[in-house]
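Biologist: Please put the model up. I have some questions about it.

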Protein chains: 6
Amino acid sequence: MIASRPDGRAADELRSFSFERDFTKMADGSTLVTFGQTRVLCTASVNKDLPPWLRNSKEGWVTAEYSMLPGSSPERVPRRSGGREKEIQRLIGRSLRAVVDMTALGPISITVDCDVIQADGGTRTASICGGFVALHDAITRHRQAGQVKGDPILTECAAISVGVVDGIAVLDLPYAEDSTADVDCNIVMTGDGNLIEIQGTAEEQSFSRSQLDEMLDLAQSGISQIITRQKDLLNTPPT
Amino acid sequence: MIASRPDGRAADELRSFSFERDFTKMADGSTLVTFGQTRVLCTASVNKDLPPWLRNSKEGWVTAEYSMLPGSSPERVPRRSGGREKEIQRLIGRSLRAVVDMTALGPISITVDCDVIQADGGTRTASICGGFVALHDAITRHRQAGQVKGDPILTECAAISVGVVDGIAVLDLPYAEDSTADVDCNIVMTGDGNLIEIQGTAEEQSFSRSQLDEMLDLAQSGISQIITRQKDLLNTPPT
Amino acid sequence: MIASRPDGRAADELRSFSFERDFTKMADGSTLVTFGQTRVLCTASVNKDLPPWLRNSKEGWVTAEYSMLPGSSPERVPRRSGGREKEIQRLIGRSLRAVVDMTALGPISITVDCDVIQADGGTRTASICGGFVALHDAITRHRQAGQVKGDPILTECAAISVGVVDGIAVLDLPYAEDSTADVDCNIVMTGDGNLIEIQGTAEEQSFSRSQLDEMLDLAQSGISQIITRQKDLLNTPPT
Amino acid sequence: MIASRPDGRAADELRSFSFERDFTKMADGSTLVTFGQTRVLCTASVNKDLPPWLRNSKEGWVTAEYSMLPGSSPERVPRRSGGREKEIQRLIGRSLRAVVDMTALGPISITVDCDVIQADGGTRTASICGGFVALHDAITRHRQAGQVKGDPILTECAAISVGVVDGIAVLDLPYAEDSTADVDCNIVMTGDGNLIEIQGTAEEQSFSRSQLDEMLDLAQSGISQIITRQKDLLNTPPT
Amino acid sequence: MIASRPDGRAADELRSFSFERDFTKMADGSTLVTFGQTRVLCTASVNKDLPPWLRNSKEGWVTAEYSMLPGSSPERVPRRSGGREKEIQRLIGRSLRAVVDMTALGPISITVDCDVIQADGGTRTASICGGFVALHDAITRHRQAGQVKGDPILTECAAISVGVVDGIAVLDLPYAEDSTADVDCNIVMTGDGNLIEIQGTAEEQSFSRSQLDEMLDLAQSGISQIITRQKDLLNTPPT
Amino acid sequence: MIASRPDGRAADELRSFSFERDFTKMADGSTLVTFGQTRVLCTASVNKDLPPWLRNSKEGWVTAEYSMLPGSSPERVPRRSGGREKEIQRLIGRSLRAVVDMTALGPISITVDCDVIQADGGTRTASICGGFVALHDAITRHRQAGQVKGDPILTECAAISVGVVDGIAVLDLPYAEDSTADVDCNIVMTGDGNLIEIQGTAEEQSFSRSQLDEMLDLAQSGISQIITRQKDLLNTPPT
């Protein structure tokens, strides 16, 4: 059955992926993340303004914004941010916050902007993977400059999509699969193998516990490969 | 460990719940759903206007809106709809659509409005449970009037929250538990025991596969009790 | 001519009306007010934030919001607040402020939310009647808790609609009458028999001074019955 | 007591008022109306677009917009339209529609724009008085051009403010009186002496039926003077 | 070729223009400026609120707003402010700021509102010419009252439109020419003959350097006539 | 004097610039344009929807949108589009339309999106230069596919900024110069050496005709180098 994937991958195979660090130079951290044809520019910007509920605390904050550039799809995507975009940026923000110690970060705020340059499925999970790298570099630079005293990164953070297509559980769906999947599931995990978020939706038909288990197995294997890559990369500090 | 729940329930015990059908009389279907102190007024309104992408098809559509009345919480909730509300109403809409055959529904549109009258945790899952009853009654009335020819309801639809509090998996969390939970998970299932949606989030710390399994077991047992109640109730058609 | 009212009432007869106190439990005051088929949930929420022009004074403030739930009418009402809603909530706010001594209330702000659950004419006047009860209970509770020192309620506040239908002045119009009335008039009065607000509009044709006088007589009689009921009810403090 | 008015007028005396027809030349009708220091530019613009509910009828429509120019007051007025502006423009629109036969007007739409150039109390009633003149001229010009066949103007329309200041009923209040009035009342009447609209509000204290009667007497007398002026003026058709 | 202008003017001839000072009385400065059929009401309002970036400085600020009244054109102009209006008000604000010494103005803010009462081409340049007079009068009054100590007006400020119509460069275009011009150019200059702003746009076809030079010559001559008039007028202080 | 430019360039020297065609693959045309540190991603998307005023014509349309990605600057840029963005996208749209024959383009609409990835001055002129290349490729692809019959590109289109810094006219200003310039001028020209648009603004002090001439000379020389590069590049059709 594996042979039937549109790009010839095995059901448990990730698309070719990469992280281009410092793709832009103005933000504190910047990564162009690629999963197959999907490309997302992630930048992390540090500033002093904290959200209202942290004004008098010593804790920091991490938030995210997500958008698709209009030309990222064959049919132009209007620029206005709607419910889907807000839902995705809340997911990215929660995921990244789960691996940051806000007390160690101290009273600064970091915004991770994820702008999809080319969309071919899995843009929200790519945003989390690339956003983590940009966030890590921004924090490292502020630690190097002595502006962050502690070591706020608790562990890595990565995400992948899984789904059920024609009854078969598959890993890392491009748009062609995603748009016809029976079930669509996004999973976020930590560097130590725990779950941060699971969002599974029956698109065409409901799914069983055993199908959920298959998807979780695929995701776990895919995410561990991504996290290995993140670790290798971040071993070298940014310049 | 069970004794420690604030309201004395067992970890696998639902709050007392009920459906008050036809709580209001103007909408095509109307249910006041109660889970403990949480109360949501669900109404289903039928109209002829279809969304743009269905204009020339013969299919129907089901959508949902969700809001909290300002006085539903001890601290007044401002009336403006934000990202959280949009995300919840998208979840309710997807869940209800999963159990409706749009071709059998025919070219009508049904809006299910879920207005939280009193909020004590689990408002989105209560909205799904009550919204299904209101939707069912609205469709039944239109079938009785000959305006819907087919039998569009495929199966029941219910939802419940589960979570991990102080390391223990618990079912149907009130606000007091929800606000301190390590993990928060909302699960939607069908009358035939399949999953429609799973949304699990690490609020305080990440969670393991075995914790996820425990939560899924609790949810499955709770949802089957709710669906039994829905079936009993809907056995009697609305007047 | 009296026999011609759609619900068989006399021209000077109120619909059956009631106040269900503490219909919800989270807000400081809460009343479900019913006039015939019209039902409005009124909640009063106290908070510390004062409007800008009172920031440095010791006076309090009372404001109101009004909305119709989408399922409150046979044809679904969209959720967005427009000119009509704003105009009504300004009327409710002015009316309630007219019976409150802001200095005795002290530096707190009370928002009275009026959400129409079922609409059959007279929703704005029902909101004033029910809003007064919710406001009174919220203030009483804060007086009992020692958070309000004075006795800010000066007198009762109630309102009713009157109109001219087929040339006859009638009291308390349901939707069926309201939608065909020649003249539509809303009158707000105090417990001591004075006028707070009069808003009369020629819908179909202009009206004479003597018709205005007839309407004022009907309103005065109707409002005094409502105020008697409010007094009876509020004689017993909330629990 | 009369001597105490800030501008020395008698209690039942109007401010000096005038209508400057065709103050601007682009709109179909245009009047600069003056009541004392209050000046409002009223223009009436005819177009073919009818509101949605009249699309397939042969009736016409009249609507109004109201705004204050930022420099119209000693303290600059921000340009954004809020609840007060919407409420006033609804009043102007209803008042003008009450004297127009929409069937005779035929399938055109007229917008009357009232822009306050200088504000010293009574801007909404001046807008109605001047708006009527602009509307009348626009309709006359379209009748002259054969584009309106019938005679849609049923009678004149004028309005004035009355109030209670220091316990005394007074006519046509400038800002200095309006801002300290106990009661504020706006009354709209037809050329044949009937009421179109009455809006009375207790600003500082509630008012009695007999005070209301006094205010109505003053308004009736003031409005009849304005209508006499309108008749004189409109006797001469626009050029 | 000159004979071909719709109003018979020579190519290098301004329309008849005038400034009516203190056309309204509430604002600190007010001018009704007229260029042919174009009429703009300009008011200047002084207040204490400075923009955020000047909060802790001793400098002042000048800003502008621009709008067209709905009845200013034969076809009614909707009231909402869009990109065109924002672009124009930014131009007016920049132009006026160029001739004001913000340190001498001191910590006050002046808003110049330009409301087009009648539109026949050249509304933005008329706004600059009239706005300067209103601004000058507002500042003079504050100097007379001792609230502005220095002499903040550095020089005069005026503007005019030039264009290429049927291949000929012309000065001060009314709507009839503007709407068919090949090139449209707005030029702002100071009382000492320097340029503040030049905005030239090829509407129908691109233009050469020599055509630009011709237009600049025309503008220079027209603006110097306007500035002479401004100087004459402002020689007499406002009363 | 030349030696004083922050990056050591001569006053009449462009920054190093390049066009990376097909930087993304989904849009009909896509170019990453670079001028020094400034980088803008331009995409051109073709669709069938024409603006309302062209619905029944056979002409096409070209429009543009412009935004800065939040991470494009050292201080994060909020995502909301304001007056500056609207003004810039109107300029880009006008400039590109000036070199397209809308009748030859036929009834299609092309949106050119310019998203600034890295901002160091001159983002609007870079957007025009890169937007032209993306637009050209999109049109060429539609001509190759037979969907555009004619040859709608009339000539090339490019733009550059010029300014006066410390009294010296300079070409192609980076942010460090732009932020301290006395005069800031953006010039758009065609491939045949004519002007499409000139926008010159006195930022710090007004400027003379001879300074304007110097800036125009610099711009003309810079733009001709850019157009040479565009011609070379576009000589090879896209694949």
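Biologist: Is I108(B) buried or exposed?

Modeller: First, the ground rules. This is a predicted model, where local features need pLDDT of at least 70, side-chain atom pairs count only at pLDDT 80 or more, and totals for chains, interfaces and linings use all residues. Residues are numbered from 1 along each chain as its sequence is written, chains are lettered from A and ligands numbered from 1 in the order in which they are written, and side-chain values use heavy atoms, without hydrogens and water. Buried means under 20% relative accessible area, exposed over 50%, and partly exposed in between (1.4 Å probe, protein chains only). I108(B) has a relative accessible area of 6%, so the answer is buried.

Biologist: Which residues does I108(B) touch, not counting residues up to four places away in sequence?

Modeller: I108(B) sits in the loop between α2 (102-105) and β5 (109-118) of chain B. Helices (H or I, at least four residues) and strands (E, at least two) are DSSP runs, numbered from the N terminus. Contact means heavy atoms within 4.5 Å. Beyond four places in sequence, I108(B) touches V46(B), N47(B), K48(B), L50(B), G60(B), W61(B) and V148(B).

Biologist: How many Å apart in space are I108(B) and V62(B), C-alpha to C-alpha?

Modeller: In sequence, I108(B) and V62(B) are 46 residues apart. In space, their C-alpha atoms are separated by 8.7 Å.

Biologist: Is T140(C) buried or exposed, and with which residues is T140(C) in contact?

Modeller: T140(C) belongs to helix α3 (residues 123-144) of chain C. Its relative accessibility is 16%, so T140(C) is buried. Leaving aside neighbours within four places in sequence, its contacts are P237(C) and P238(C).

Biologist: How many salt bridges are there over all chains?

Modeller: Side chains of opposite charge can pair when their charged atoms come close. A salt bridge here is a side-chain nitrogen of Lys or Arg within 4 Å of a carboxyl oxygen of Asp or Glu. Over all chains, the count is 108.

Biologist: With which residue does R21(E) form a salt bridge?

Modeller: The closest N and O atoms of this pair are 2.9 Å apart, and the partner is D137(E). R21(E) lies in strand β1 (residues 17-21) and D137(E) in helix α3 (residues 123-144) of chain E, so the pair ties together parts that are 116 residues apart in sequence.

Biologist: What is the N to O distance between E197(E) and R94(E)?

Modeller: Both E197(E) and R94(E) are buried. Their side chains meet in a salt bridge, N to O, at 2.6 Å.

Biologist: How far apart in the chain are E197(E) and R94(E)?

Modeller: E197(E) is in strand β9 (residues 195-202) of chain E. R94(E) is in helix α1 (residues 83-97) of chain E. This pair links distant parts of the chain, 103 residues apart.

Biologist: What is the phi of D166(D)?

Modeller: Most residues other than glycine have a negative phi. D166(D) is in the loop between β6 (157-165) and β7 (168-171) of chain D. At 69% relative accessibility, D166(D) is exposed. D166(D) is not a glycine, yet its phi is positive, about 50 degrees.

Biologist: How many Å apart are the nearest C-alpha atoms of chain D and chain F?

Modeller: Chain D and chain F do not touch. Their nearest C-alpha atoms are separated by 15 Å.
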